[in-house]
Amino acid sequence: MRENIEFLMENDGELYEAMQGEEERQRQGIELIPSENYAFPEVLAALGSVFTNKYSEGYPGRRYYGGQEFTDRIENLARDRAKEVFRCEHANVQPLSGSGMNQAVYLGLLEPGDTILAMDLSHGGHLTHGAPVSHMGKLFNFVRYVTDPSDGSFDFDQILRDARKHKPKLMLCGYTSYPRDIDYKAFKTIADDVGAISMTDASHFGGLVAGEAMANPFDFGFDLVTTTTHKSLRGPRGGMILCKEKFASKIDKSVFPGLQGGPHMNAVAALAVTLKLVQSSHFKDYADQVLKNSKALAEVFTESESTLITGGTDNHMLVLDTVKSYGIDGKVAEETLDEVNVTTNKQIIPDDPNPPLRPSGIRIGTPAATARGMKESDMKQLGSWIDRSLRSPSDKKYLQRTRMEITDFCRNFPVPGLE
Ligand SMILES: *Cc1c(COP(=O)(O)O)cnc(C)c1O
């Protein structure tokens with residue numbers, strides 16, 4: 001892999017320089033965006049392999065092109081491993097991204113105009129859960145449920161009333177900005193009550209389910225789980241649809257030929273190796289550590305009397321109300337932390353009065369920092385840097401000194417795949 005990069009230096013200096021710059025950025029800063037991670041080195045190797053060269057429209061044993069002996073083998077490996085890791089009956093490993101994966105589910109199982117009950121976007125739902133600006137938001141009728149921002153709880157009585165009133169064909173849980181776990185049992189009971197298909201979008205926490213640090217929706221009888229493969233799972237960029245056998249044929253047809261052409265077989269190869277690596281005890285320790293680190297970081301903010309949405313965390317992320325805590329909006333908070341080489345992202349908070357590009361909070365997550373080997377004591381140190389920086393966004397001297405301290409600190413934690 002490193003040789004390939006040297007080879008680029010000779011043939012495309014401009015590209016090589018940008019790549020070097022990104023490597024340095026990843027080394028010298030701390031990545032705390034909850035959806036980001038460092039792929040396993042094996043993933044980088046598989047992505048740059050000869051599977052990049054191959055067209056494989058169709059599925060193993062039923063392809064539209066010849067020469068599929070080895071692509072069939074890797075796709076079967078990926079599918080079988082996915083079923084084993086997530087304890088489910090069927091897996092489609094071809095979605096090119098998380099967004100396409102959710103679109104494939106909606107378009108494959110529903111008719112335009114059908115109702116989907118999903119989490120309110122400002123309470124943590126994802127764009128693909130029917131944001132008005134998304135095509136899916138226009139094509140389907142999304143009805144919303146909310147959580148109580150003080151403790152993150154769902155009002156299941158209200159959700160049941162809404163479900164009975166709106167009769168959704170699909171009930172969707174899962175989130176992009178919510179720091180608690182989900183009561184799958186209560187959710188599934190309501191879906192059964194109204195005869196809705198039950199789906200979890202586990203894009204953020206798929207790796208934590210795989211590592212057995214968080215609950216698996218299939219253990220509660222869910223029909224479908226979708227997950228991106230590049231977030232907590234540490235695989236290639238892409239998506240995966242896991243489901244009961246009774247939905248298998250509709251899902252497969254919806255992904256191909258419904259929505260996509262040829263799958264990216266280099267990504268399928270990389271996913272296959274990811275799904276082997278996540279079965280190791282090493283990965284289970286990693287998943288546990290992600291949660292421990294998240295809790296340790298939350299304690300710093302609790303001690304400094306900052307405002308965390310829901311008051312804490314049960315997963316890999318914190319949502320910090322920066323307006324209430326520090327009197328600055330999420331954009332200023334994100335930019336301040338950028339100055340000290342800490343990467344986070346501005347985030348709308350429940351019922352945010354401010355616009356999405358100047359929202360009232362930031363999200364902070366531990367999957368990437370944990371992949372570099374950081375532990376609870378490192379989180380304490382990091383948390384105090386963050387808290388202090390956000391208290392003094394215009395103290396350039398302090399920010400400059402902290403940036404240097406953080407760059408030094410980072411030398412103790414090699415970036416997977418780079419060293
Ligand atoms: C990240 C994410 C997606 C979309 O993934 P992309 O690969 O960015 O398209 C979908 N759903 C949820 C909940 C996510 O967090």
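Colleague: How do you know what span to expect for helix α16, and what does the helix reach from its first C-alpha to its last?

Modeller: This is a predicted model, and the span is computed from its atoms. Helix α16 covers residues 376–391, which makes 16 residues. The expected span is 1.5 Å times one less than the number of residues, which gives 22 Å for α16, and the helix reaches 22 Å from its first C-alpha to its last, close to that expectation.

Colleague: Which residues of α16 are called buried?

Modeller: The label requires a relative accessible area under 20%, and in α16 it goes to Asp378, Met379, Leu382, Gly383, Trp385, Ile386, Asp387, Ser389 and Leu390.

Colleague: Why is Asn293 called buried?

Modeller: Asn293, which lies in helix α12 (residues 281–303), has a relative accessible area of 0%; because the cut-off for buried is under 20%, the label applies to Asn293. Beyond residues up to four places away in sequence, Asn293 touches Thr366, Thr370, Met374, Lys375, Glu376 and Met379, and Met379 is itself one of the buried residues of α16.

Colleague: What makes Asp192 partly exposed?

Modeller: Asp192 is found in helix α8 (residues 184–194) and has a relative accessible area of 47%. Buried would need a value under 20% and exposed a value over 50%, so Asp192 at 47% is partly exposed. As for its position, Asp192 and Pro132 are 60 residues apart in sequence and 27 Å apart in space, C-alpha to C-alpha.

Colleague: What makes strand β10 largely enclosed by the rest of the structure?

Modeller: Strand β10 (residues 239–243) is described in that way because five of its five residues are buried. In a regular strand the side chains alternate between the two faces of the sheet. In β10, Gly239, Ile241 and Cys243 are buried on one side, and Met240 and Leu242 are buried on the other, so that both faces are covered.

Colleague: How do you know that β10 pairs with β4 and with β9, and in which sense?

Modeller: Pairing requires at least two bridges between two strands. Strand β4 (residues 90–92) and β10 have three bridges in the antiparallel sense, with Leu242 in β10 as the bridge partner of Ala91. Strand β9 (residues 224–228) is joined to β10 by five bridges, again antiparallel, and there Leu224 stands opposite Cys243.

Colleague: What are the bridge counts for β7, and in which sense does it pair with β5 and β8?

Modeller: Strand β5 (residues 115–119) and β7 pair in the parallel sense over two bridges, which meets the requirement of at least two; in this pair Leu117 stands opposite Met171. Five bridges join β7 to strand β8 (residues 197–201), also parallel, with Leu172 opposite Met199. Strand β7 (residues 170–174) is mostly covered, since five of its five residues are buried.

Colleague: Why are β11 and β14 called edge strands?

Modeller: The open sheet of four strands has the order β11-β12-β15-β14, with antiparallel pairing. Strands β11 (307–308) and β14 (345–347) each pair on one side only, and they are the edge strands. Within the sheet, β12 (residues 317–321) and β15 (residues 361–365) pair over five bridges, and Leu320 has Ile362 as its bridge partner in β15.

Methods. Residues numbered from 1 in each chain as written. Predicted model: local features only at pLDDT ≥ 70, side-chain atom pairs only at ≥ 80, totals over all residues. Heavy atoms only, no water. Buried < 20%, exposed > 50% of the residue type's maximum accessible area, 1.4 Å probe, protein only. Contact = heavy atoms within 4.5 Å.
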